Amino acid sequence: MDLKDKCAIRVENAYKRHSSKLPYVLDKLCMTVQKSTIYSLLGASGCGKTTLLSCITGQNVLNGGNIHLSITSKKQLGFMPQQISLYPEFTIDEMICYYGLIYGMSLQQIKEKAEYLQALLHLNHFKRKCGSLSGGQQRRVSLAITLLHDPELLILDEPTSGIDPVIAEEIWNHLLYLAESGRTILITTHYIDEAKKSHMIGLMRKGILLEESPPKVLLEKYNMKSLEDVFLLLSSKQQHDRIEQRRKSIGVEAHRKQSVLLEKFELPRKCKRSLQSKEYFRGSRMKAQIWKHLLWMKGNPGVMAFMTLVPMLCILFFNWAVGHIPDQMPLGVVNQEASLSYCDSRTPQRINCTSSDYFSCIYLEKLREQSIRLVGMTRYLTHL
């Protein structure tokens, strides 16, 4: 089998920065994740781990480089972001059911898988609202949603952060079981000790992948007793190399020209997203959205009452103020069609023309029947 066929994720010369005035978040990064393995990406906050994951999942686009995935559909991907994406007014079971409908699962499948994940992640109170859960409990709910549809590729951004160590151990045992079952898992974490259980480790600092190897290989290669020492050694070496590179640089102008040449010759102008979906409409998503909004309306009765009553009151007040039929409203009449005398203000209801003579008389008669007070304008016409 070709090496490319064994790869679940392959990142080649990845460049990424959020602004032309800022340094690169990812700087010529190359990474390979084999199928049916657990790959742990280690690094401090701000080193570019979350940015790399957003580019792999298609939420962000590289400025340069390529990302190749073994999966072709977003249904095959399970992504747990660093920020919790839960609706605080939904209960745990409602939240799991909502995402299950998005994944296109039946209610029976959702119920069976939810019971299994409830036992695995110790989610004992399925009727509690997500807004009342602690940070660790919310991360467990987010992990349960990620595992719900049994994806081929799992990307987890710090899944065990803030979680009880006993539960974290059970989660890692389950991830190892998934890897043995053919699933591929990419994890970012700050905990180097738990990363020893993974098949491959990538050490990342300032947008650069310093090394990627199995844990035992790293310890033997650098003759260290712990991965912390290996990481410290590689970080110190990188810092020393950067200082030497600055000393060898000719000046600020040469460094600027080098950056321009790098963007001109090495970076492609357009990079595609790693996962692009051409499907604009899906029945399961529409069903899930309708169900979500119904749940939201059920959980917010005060807001729904306000949204329903305010338009009704506006219509009621409008009709009460200006919507009724006018009664005894004075209306000036000038009728030059009939050479007859007009009524004046003293005899407001008297019109001295027969309805059979002119259409204007018929119209004025209809107005009089509507209880409109007709006022003759003869005295004003005499001045014209």
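Tutor: Start at Ile185. Leaving aside neighbours within four places in sequence, Ile185 is in contact with Thr37, Ile38, Tyr39, Leu154, Leu156, Leu175, Leu178 and Ala179. Contact means heavy atoms within 4.5 Å. This is a predicted model, in which local features need pLDDT of at least 70 and side-chain atom pairs count only at pLDDT 80 or more, while totals for chains, interfaces and linings use all residues. Residues are numbered from 1 along each chain as its sequence is written, and side-chain values use heavy atoms, with hydrogens and water left out.

Now the core. Ile185 belongs to the largest nonpolar core, which has 41 residues. Such a core is a set of buried Ala, Val, Leu, Ile, Met, Phe, Trp, Tyr and Cys residues joined through side-chain atoms within 4.5 Å. Buried means under 20% relative accessible area, exposed means over 50%, and partly exposed lies in between (1.4 Å probe, protein chains only). Met95, Ile96, Leu156, Leu175 and Ile185 touch the most other members. Two or more residues each come from α3 (92–102), α4 (107–121), α5 (135–147), β6 (153–157), α6 (165–180), β7 (184–189) and α11. Helices (H or I, at least four residues) and strands (E, at least two) are DSSP runs, numbered from the N terminus. The largest share, 8 residues, is from α3. Another core lies apart from this one; it has 25 residues, among them Val33, Leu41, Leu62 and Leu209. In soluble globular proteins, nonpolar side chains tend to be buried together.

Stay with α3 for a moment. Thr91 sits in the loop between β5 (77–80) and α3. Thr91 has a relative accessible area of 10%, so it is buried. Not counting residues up to four places away in sequence, Thr91 touches Phe126, Lys127, Arg128, Lys129 and Cys130.

Helix α11 (residues 283–299) and helix α12 (residues 301–322) have axes that come within 5 Å and cross at roughly 95 degrees. Axes are lines fitted to C-alpha atoms, for helices over the stretch in contact, and angles run from 0 to 180 degrees between N-to-C directions. The two helices are therefore roughly perpendicular to each other; that class covers 65 to 115 degrees, with under 35 roughly parallel, over 145 roughly antiparallel and the rest oblique. Trp296, Met297, Lys298 and Gly299 of α11 meet Pro301, Val303 and Met304 of α12.

Move on to helix α13 (residues 359–369). Its buried residues are Ser360, Cys361, Leu364 and Leu367. Seen down the axis of α13, they fall within an arc of 120 degrees, so they line one face of the helix. The arc is that of the directions from the helix axis to the C-beta atoms. Among the cover over these buried residues are β10 (330–333) and β11 (373–376). The face turned away from the buried side carries the exposed Phe359 and Glu369. Ser371 follows α13, with a positive phi near 65 degrees.

One more buried site. Gln238 is found in helix α9 (residues 227–248). At 7% relative accessibility, Gln238 counts as buried. Gln238 touches Arg205, Lys206, Ile208 and Leu210, not counting residues up to four places away in sequence.

Finally, the whole protein. It has 14 helices and 11 strands. Of its 384 residues, 39% count as buried.
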